Amino acid sequence: MLQYFDNLKTPLRCVRTYPTLTDQEDRFRRAGYQSAHARSLWDLWQDKSFLGPELRRHLHGVEPFDEWEEFALFSMHYFLLEAVNTRGILKLDENKYSILRNARIHDAQRYMSHRIDNVQVLSSPNDGRRRKFGAVTVSSENKIGLHGGIGNEKPTHTTDRYQLLGSENNSERLLDSPSKVGARACHTVTRLHDGKDFLFGGKTSPDDARMTCWLRDSDGWRMMHECALYRHCAAAVSVGENDGIPGILVFGGRGMGGVFSGAWLLWREGKGWIKLGADTPRFGAAMVATGKRQGLLMGGMTEDGILDEAVIEWHLSDGTGDKPSLGLLRREDIVRQLPPRMGACLIPSAEGVLLIGGISTTLLPENGEMVRIRDVSREDVRIRDGEIMVVTKQNTVVEPVSLEFGSSRPLLVGHSAYSAGSTSLIVGGGAVCFSFGQSEEPPQPA
């Protein structure tokens with residue numbers, strides 16, 4: 001951002017002189033004001049007492065808009081400061097606001113206290129193509145692709161290829177999607193338990209969700225039952241007797257016209273879509289399966305434009321009937337350890353479940369962008385009428401992951417992630433932050 005304005009020969013000298021909100025407040029106190037309070041525009045946007053939900057909902061109708069990560073990044077760099085010699089009116093929640101006021105690298109220690117350092121981050125291969133909001137497709141443990149997404153400012157249907165450094169360079173190729181699948185972004189490609197891939201959802205614009213879903217097997221792509229959503233989250237499950245029927249569990253997202261969804265949907269080959277239940281409508285949440293019929297759901301943005309702090313443990317029954325039962329458990333123990341996020345990736349790994357990137361209500365410090373969640377599974381679970389009845393509790397540990405980027409810190413927004421054995425791969429991502437210019441992940445393997 002600073003380089004962008006330097007190139008315009010309009011350098012932002014104030015940012016270098018007063019880099020934090022506390023610095024700005026001290027600036028006015030030194031000038032003689034009795035008190036000074038500053039809040040970022042993103043913090044004010046999240047404050048229901050400052051901006052009511054009715055007004056935020058009204059803004060949805062003014063113009064179709066879904067670039068919330070970019071809006072958050074932009075508004076975090078602007079602030080409203082009130083300096084007075086009498087009683088001020090700018091409300092301030094000191095407990096919540098203390099993190100944002102002096103956001104620096106060490107601030108993650110408020111939430112987390114341990115570190116690990118064995119995750120390698122890879123960015124795009126050196127072929128000049130970059131994209132954001134794509135979906136990972138899997139070829140082998142050491143070779144993946146990034147399908148679709150937004151490249152050159154418009155959605156695409158092509159696939160970029162990535163190979164883990166040090167792995168064998170064989171002739172195995174990812175199966176590109178044909179043009180009939182259509183260009184799309186903000187979709188998911190889920191590897192089912194039988195090895196097939198299910199491409200679901202996506203969009204071409206904020207009010208145009210893609211209707212078609214596709215299943216890929218050894219014979220290629222086949223169109224499946226229609227369901228229009230984007231910015232949803234999905235996980236592979238198996239429901240039924242014995243090993244179960246492979247399928248996909250989907251939550252949330254936005255549909256045609258930008259309508260928010262709070263539905264829990266299950267798809268299985270030969271059975272189509274069924275609705276299992278509903279929760280608070282939101283999009284941009286993150287979900288991971290920690291077993292064939294259980295997992296975690298975290299974060300997202302609600303219809304009010306507010307980040308949701310909920311962490312939900314979900315369980316499916318064995319599905320011996322036509323409609324499996326879905327049990328949901330609010331994990332307040334994890335909520336207390338993590339600020340809410342939107343647009344993050346949640347993936348399984350050898351080190352536990354990894355939560356990677358996204359935006360939060362506060363600035364995410366560098367050693368807080370990726371965290372590990374260990375011991376999230378629970379034993380002896382029974383579901384009755386949508387409620388988890390018996391749970392043997394385990395201690396859940398949330399701790400930061402130390403990232404070795406090799407050079408500059410990447411922008412973990414609009415990115416995709418995949419776990420390959422002991423290594424987690426992060427590909428794609430970027431943002432166009434209005435007058436701040438465009439940032440994309442450069443081709444620099446770490």
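Trainee: What should I know about the model before I start?

Mentor: This is a predicted model, in which local features need pLDDT of at least 70 and side-chain atom pairs count only at pLDDT 80 or more, while totals for chains, interfaces and linings use all residues. Residues are numbered from 1 along each chain as its sequence is written, and side-chain values use heavy atoms, with hydrogens and water left out.

Trainee: Is R39 buried or exposed?

Mentor: The general idea is that buried means under 20% relative accessible area, exposed means over 50%, and partly exposed lies in between (1.4 Å probe, protein chains only). R39, which is placed in strand β1 (residues 35–40), has a relative accessible area of 5% and therefore counts as buried. Helices (H or I, at least four residues) and strands (E, at least two) are DSSP runs, numbered from the N terminus.

Trainee: What does the side chain of R39 make a polar contact with?

Mentor: A polar contact is a pair of N or O atoms within 3.5 Å; within protein, one must be able to donate a hydrogen and the other to accept it, and residues adjacent in sequence count only if both atoms are side-chain atoms. Here the side chain of R39 makes such a contact with the side chain of D47, at 2.9 Å.

Trainee: How many salt bridges does a search of the whole structure find?

Mentor: A salt bridge is a side-chain nitrogen of Lys or Arg within 4 Å of a carboxyl oxygen of Asp or Glu, and the search of the whole structure finds 20 of them.

Trainee: Which side chains meet D197 in a salt bridge?

Mentor: The side chain of D197 meets that of R191 at 2.6 Å, N to O, and that of R216 at 2.3 Å, N to O.

Trainee: What is the order of the strands in the open sheet of four strands?

Mentor: In general, two strands pair if DSSP finds at least two bridges between them. In this open sheet the order is β9-β10-β13-β14, with antiparallel pairing. The strands β9 (188–191) and β14 (220–224) stand at the edges, each with a single partner strand, so one side of each is left without a neighbour in the sheet. Between β10 and β13, which run antiparallel, there are three bridges, and L199 stands opposite W214 in β13.

Trainee: Where does R161 lie, and how far apart are the C-alpha atoms of R161 and V427?

Mentor: R161 lies in strand β8 (residues 159–163) and is partly exposed, with a relative accessible area of 26%. Although R161 and V427 are 266 residues apart along the chain, their C-alpha atoms are separated by 9.9 Å.
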